[in-house]
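Open the model in your viewer and keep the selection tool at hand.

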Amino acid sequence: MERLNSKLYLQNCYIMKENERLRKKAQLLNQENQALLSELKQKLAKGNSKANAPNNIPDLNLCSSSNTNPSNSSKP
């Protein structure tokens, strides 16, 4: 039983480390996405100001789940 407990503990540690690595990667990707979206909005705003067309770029943050903080629920 103790051996199984140790094995499960090590698996849990590995999963938590991998989860943190993926969370950091997701944050970096979200930052990159936001920068690209901002750049796109600026370019379209310049083009639209010449044509007086409205800027209809949807806000991608409305469906983003990276703003939640699940790290607190995964830690013992």
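## Salt bridges

Counted by a distance rule, this predicted model has three salt bridges. Side chains of opposite charge can pair when their charged atoms come close. The cut-off used here is a side-chain nitrogen of Lys or Arg within 4 Å of a carboxyl oxygen of Asp or Glu.

**Stop 1: glutamate 18 and arginine 21.** Select both residues and show their side chains. The closest N and O atoms of this salt bridge are 2.7 Å apart. What separates the two along the chain? Arginine 21 and glutamate 18 are three residues apart in helix α1, so about one helical turn lies between them. Now colour by accessibility. Arginine 21 is partly exposed, at a relative accessible area of 44%. Glutamate 18 also counts as partly exposed, at 25% relative accessibility.

**Stop 2: glutamate 20 and arginine 23.** Select this pair next. Their side chains meet in a salt bridge, with an N to O distance of 3.5 Å. Glutamate 20 and arginine 23 are likewise three residues apart in helix α1, so they too are separated by about one helical turn. Is arginine 23 buried or exposed? With 17% relative accessibility, arginine 23 counts as buried, because the limit for that class is under 20%.

**Stop 3: glutamate 39 and lysine 43.** Move along to this pair. The side chains of lysine 43 and glutamate 39 form a salt bridge at 3.2 Å, N to O. Both residues lie in helix α1, where they are four residues apart, about one turn of the helix. Lysine 43 has a relative accessible area of 55% and is exposed, since the cut-off for exposed is over 50%. Glutamate 39 is partly exposed, with a value of 38%.

## A nonpolar patch

**Stop 4: Met1, Leu4 and Leu8.** Together Met1, Leu4 and Leu8 make a nonpolar surface patch of about 370 Å².

## The whole chain

**Stop 5: everything.** Clear the selection and switch to a cartoon. The protein has two helices and zero strands. What share of the 76 residues is buried? Buried residues make up 8% of them. The protein exposes about 6900 Å², and carbon and sulfur atoms supply 57% of that area.

Methods: Residues are numbered from 1 along each chain as its sequence is written. This is a predicted model: local features need pLDDT of at least 70, side-chain atom pairs count only at pLDDT 80 or more; totals for chains, interfaces and linings use all residues. Side-chain values use heavy atoms; hydrogens and water are left out. Buried means under 20% relative accessible area, exposed over 50%, partly exposed in between (1.4 Å probe, protein chains only). Accessible areas come from the Shrake-Rupley method with a 1.4 Å probe; for residues, only the protein chains shown count as cover. Patches are made of residues with over 30% relative accessible area and no salt bridge: like charges are joined within 9 Å, nonpolar side chains (Val, Leu, Ile, Met, Phe, Trp, Tyr) within 5 Å.
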